[in-house]
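Subject: Handover of a structure and notes on its contents

Dear colleague,

Please find below the structure that I am handing over to you. My notes on it follow directly after.

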Amino acid sequence: MSSRDNILKEVLKNQPADRALPVIDIPVTTTHEEWVEALKTRLEILHVAVREVADYAALKHLLQQEAIPQDRTVTTIAELSDVSTLIEAVKEDAHSLEDVDLAIIPAHFGVAENGAMWVTESLIQYRVLPFITQQLAIVVNRKDIVYNMHQAYQRIAGTTQYDFGVFIAGPSKTADIEQSLVLGAHGPKGMTLYLLG
Amino acid sequence: MHSKVTNHADAAIQFNLDEPRVDWHDKTLWFIREKRDLASHAIPEWEQLREYASQIKNNVLSNLSQYLQEFEKNAIANGVIVHWAADAAEHNQIVHEILKKHKVDRMVKSKSMLTEECGLNEHLEHNGIEVIDTDLGERIVQLAKEPPSHIVLPCIHWKKEEIGELFHEHLGTDKGASDPKYLTAAAREHLRETFLTRRVALTGVNFAVAETGEFVVSTNEGNADMGAHLADVHIACMGIEKIIPKQEHLSVFLRLLARSATGQPITTYSSHFKKPQPHQEMHLVLVDNGRSVHLGKDDFRNSLKCIRCAACMNTCPVYRRSGGHSYHNAVAGPIGSILTPNFDMRANKDLPFASTLCGSCSNVCPVKIDIHDQLYKWRQVLMKEGLGPTAKNASMKMMGWVLSKPALYDLSGKAARLVLKYSPFVVSNKMNPWYKQREMPAPPKESFKEWYKKNRSN
């Protein structure tokens with residue numbers, strides 16, 4: 001018998017009588033505007049700079065002022081193609097991204113309780129992009145902020161499929177040396193969130 | 001990678017020789033426990049979440065065979081190559097075969113306690129394959145040729161000056177430099193080069209979802225993603241108990257995990273791997289290694305609910321003052337002390353005694369494992385098997401004999417009171433472990449029995 005069949009046989013023999021799954025019901029009573037405020041407070045703790053912009057024109061203006069002078073800037077947002085190099089599809093080996101200084105990517109939505117932004121492969125083309133870049137900028141619509149992770153997964157279940165997805169909550173970090181927080185462990189050293197609308 | 005220590009009490013004595021260092025270790029871990037408290041108290045529904053998590057895990061254990069098959073079916077449909085390993089040896093062999101097939105002799109690995117449990121690094125190194133651990137804490141202990149001492153904070157027992165010295169030797173940092181920012185930047189440069197040149201990456205798995213066939217890996221550093229996305233081959237290894245039924249259950253576990261572990265509301269990255277990239281091979285190894293047998297033990301199966309947050313270690317007064325290595329296993333602390341006897345009762349017979357049974361571990365556990373009750377139950381099993389600590393065996397036998405003879409009991413009580421009164425040094429010496437860091441109590445003038453006889457007429 002294969003290890004698979006042996007393991008499954010042994011597990012079946014030893015698993016106890018069925019215990020029911022709970023129905024998860026965590027009601028949210030606060031308003032959307034309160035979620036946005038909660039998100040901004042959370043991001044500040046996570047060392048994420050927050051910029052509120054009315055539309056893409058305002059975003060472009062701000063990017064040109066603040067971020068564009070970087071050496072190599074890429075984006076996966078079509079509206080930003082005239083201020084940054086647009087990546088529309090995977091054309092090269094992902095290793096070619098090793099010298100990207102700033103990547104500007106969209107997120108499907110953000111979660112107020114923990115500052116996490118939900119990003120899937122179709123939004124970033126290269127899975128490694130938000131990790132390999134030195135600085136990360138995420139653009140999310142103000143209306144696409146939810147409060148907690150239960151709402152987040154309801155939203156994920158209701159939207160399109162993904163091959164790879166990731167919640168990103170700030171720049172890469174470590175506290176492995178004597179519990180001292182250091183930003184930029186392996187991934188981005190800093191992150192900015194652009195709240196659109 | 002298991003340390004050579006075999007007895008918790010002996011190792012704890014060694015650890016306690018350096019008292020200021022023990023105090024430092026104790027305070028560092030308590031600081032993390034306090035951060036956990038702040039994070040959990042900020043969530044009004046915290047206790048409800050713990051209850052949900054516990055119920056979901058109970059459901060998983062009671063339907064594990066079905067969920068494993070559902071997960072396998074969905075993962076295969078997603079294009080993942082699924083392997084099954086009965087034990088550590090088969091797990092190591094499967095990983096080695098994948099490396100051989102791709103003619104690769106170097107690999108990056110992000111944190112996986114399972115591979116520590118299986119001794120994968122040693123096995124591969126023995127076969128001429130270089131493994132580089134990419135979690136900063138794991139890289140530090142790897143350079144020092146030590147196992148991690150904590151499952152979330154692998155080098156919590158290291159001081160920055162020592163890490164500076166280690167990096168000076170291995171990475172060429174400035175002599176005497178100990179600034180965490182400087183040292184982390186040096187490790188970043190060293191490991192970035194490694195990520196860019198390795199074709200195989202191995203990661204652990206935090207949760208695997210039966211419903212979708214995806215698996216989730218949580219890190220703060222981004223090391224799992226840097227490795228996995230840049231490699232031609234991604235190997236993920238997990239114990240069979242890491243399955244959860246539905247995607248929506250991730251909400252409960254991701255809310256609990258990081259808050260319990262470090263007091264963060266979520267780790268920086270929670271990566272959901274469903275399908276391999278077009279040019280990539282994705283392997284998933286499901287490992288039993290004693291878990292299916294463990295599942296059959298009514299008193300002990302609950303420990304399979306563990307999500308490896310380490311809250312029980314950070315809060316444990318024994319762990320904080322004895323250090324992770326004294327538990328001589330990949331998973332230390334209270335949870336390690338109830339998991340490891342299931343795999344090897346004799347080799348880990350000391351661990352259920354490495355506790356005060358204060359119950360703090362059970363109070364902080366996000367999936368409500370009855371940790372201190374299981375510690376107590378393991379002691380009963382071990383005493384019955386004749387595997388209790390030698391001194392305890394002898395003293396228990398002596399006590400049983402004295403308690404069965406009332407006259408002898410009275411006499412021994414009197415004798416003890418006299419000894420404490422007139423020759424306290426007989427018990428207040430280093431031979432008596434109770435006397436270490438404690439004074440013996442003042443002896444009462446009479447026993448309760450004598451007092452009762454005198455006073456009952458009143």
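How many bridges join S6(B) to strand S9 (residues 269-273) of chain B, and do the two run parallel or antiparallel? There are 5 bridges, and the strands run antiparallel.

Before going further, some conventions. This is a predicted model, in which local features need pLDDT of at least 70 and side-chain atom pairs count only at pLDDT 80 or more, whereas totals for chains, interfaces and linings use all residues. Residues are numbered from 1 along each chain as its sequence is written, chains are lettered from A and ligands numbered from 1 in the order in which they are written, and side-chain values use heavy atoms, with hydrogens and water left out.

Helices (H or I, at least four residues) and strands (E, at least two) are DSSP runs, numbered from the N terminus. Two strands count as paired if DSSP finds at least two bridges between them. On that basis, 8 strands form an open sheet with mixed pairing, in the order S8(A)-S5(A)-S6(A)-S9(A)-S9(B)-S6(B)-S5(B)-S8(B). Its edges are strand S8 (145-146) of chain A and strand S8 (243-244) of chain B; each has a single partner strand, so one side of each is left without a neighbour in the sheet.

Strand S6 (residues 215-219) of chain B is largely enclosed by the rest of the structure, because 5 of its 5 residues are buried (buried means under 20% relative accessible area, exposed over 50%, partly exposed in between, with a 1.4 Å probe and protein chains only). In a regular strand the side chains alternate between the two faces of the sheet. In S6(B) both faces are covered, with Phe215(B), Val217(B) and Thr219(B) buried on one side and Val216(B) and Ser218(B) buried on the other.

In chain A, strand S6 (residues 116-120) pairs with strand S9 (residues 164-168) in the antiparallel sense over 4 bridges. Val119(A) has Val166(A) as its bridge partner in S9(A).

The parallel sheet of chain B

A further open sheet has 6 strands of chain B in the order S1-S10-S7-S4-S2-S3, with parallel pairing. Its edge strands are strand S1 (81-85) and S3 of chain B, each of which pairs on one side only. Neighbouring strands of this sheet are turned by 25° against each other on average, direction ignored (axes are lines fitted to C-alpha atoms, for helices over the stretch in contact, and angles run from 0 to 180 degrees between N-to-C directions).

Strand S2 (residues 106-109) of chain B is joined to strand S3 (residues 130-133) of chain B by 4 bridges, and to strand S4 (residues 200-203) of chain B by 2 bridges. Lys109(B) has a bridge partner in each: Asp133(B) in S3(B) and Leu202(B) in S4(B).

Helix H4 of chain B

H4(B) lies across S1, strand S7 (233-239) and strand S10 (281-287) of chain B, running at about 145° to S1(B). The buried residues of H4(B) include Leu64(B), Tyr67(B), Leu68(B) and Phe71(B). H4(B) is followed by Gly79(B), whose phi is positive, near 95°.

Arg188(B)

Arg188(B) is in helix H10 (residues 180-197) of chain B and is buried, with a relative accessible area of 2%. Leaving aside neighbours within four places in sequence, Arg188(B) is in contact (heavy atoms within 4.5 Å) with residues of chain A, among them Gln134(A), His186(A) and Lys189(A).

Cysteines

The structure holds 0 disulfides over all chains (a disulfide is a pair of cysteine sulfur atoms within 2.5 Å). The sulfur of Cys306(B) is 6.6 Å from the closest cysteine sulfur, in Cys312(B), which is too far for a bond. For Cys365(B), the closest cysteine sulfur is in Cys309(B), 6.4 Å away and also too far for a bond. Cys306(B) is buried, with a relative accessible area of 9%, and Cys365(B) is buried, with 7%.

With kind regards
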